[in-house]
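Dear colleague,

Please find the structure below, together with its sequence. My notes on it follow.

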Amino acid sequence: MRIQELTPVFVEFVPTDLADGDIYISMEYATASHLCACGCAVRVVTPFGPADWVLTFDGTVTLSPSVGNGQFPCRSHYLIRSNRVVWLPPMQRRIAQEAHRADTAGRASTYAEPPATGFWDRTIRWFRRHF
Ligand SMILES: [Zn+2]
């Protein structure tokens, strides 16, 4: 059964067993987890970060961007806005793969090492590459 609303539960450690309809938020580990809102019981993990998800809390939870479970059989795709699940058309496998590629590229550029400028930086990196 589709979930229409999620209840935020703030925790230090996300529990192993998640309850349907709850979204577990760990600020310590900058991540949230919930069971897929379609009811398929797949665990959906949404880490926070500049290339991942952004959590907004105003008493209710909003998560950006959308949660696209294109890699799961259900292909659920939805927004979480003020605790409410806003359903979007199911993700197509191709679009899910493109989104994954774009995410990976975004993550790579966000977390890429800054260019080595100093002599020691260049030397240390040269050694790391070659030994
Ligand atoms: Zn699902």
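Is Leu-55 buried or exposed? Leu-55 is buried, because its relative accessible area is 19%, and buried means under 20%, exposed over 50% and partly exposed in between, with a 1.4 Å probe and protein chains only.

This is a predicted model, in which local features need pLDDT of at least 70 and side-chain atom pairs count only at pLDDT 80 or more, while totals for chains, interfaces and linings use all residues. Residues are numbered from 1 along each chain as its sequence is written, and side-chain values use heavy atoms, leaving out hydrogens and water.

Leu-55 lies in strand β5 (strands are DSSP E runs of at least two residues, numbered from the N terminus). Leaving aside residues up to four places away in sequence, Leu-55 touches Ile-25, Met-27, Phe-48, Val-61, Thr-62 and Leu-63 (contact means heavy atoms within 4.5 Å). Phe-48, in turn, has contacts that include Ala-30, Trp-53 and Leu-55.

Strand β5 (residues 54-57) runs antiparallel to β6, joined by four bridges; strands pair if DSSP finds at least two bridges between them. Val-54 is opposite Ser-64 in β6. The two strands form a hairpin with three residues between them, and Gly-59 in the turn has a positive phi of about 100 degrees. β6 also pairs with β7, antiparallel, over three bridges, and Val-67 has Tyr-78 in β7 as its bridge partner.

The largest nonpolar core has 20 residues, and Phe-48, Leu-63, Val-67 and Tyr-78 are among those with the most contacts inside it. Such a core is a set of buried Ala, Val, Leu, Ile, Met, Phe, Trp, Tyr and Cys residues joined through side-chain atoms within 4.5 Å. β6 gives the most to this core, with three residues.

Yours sincerely
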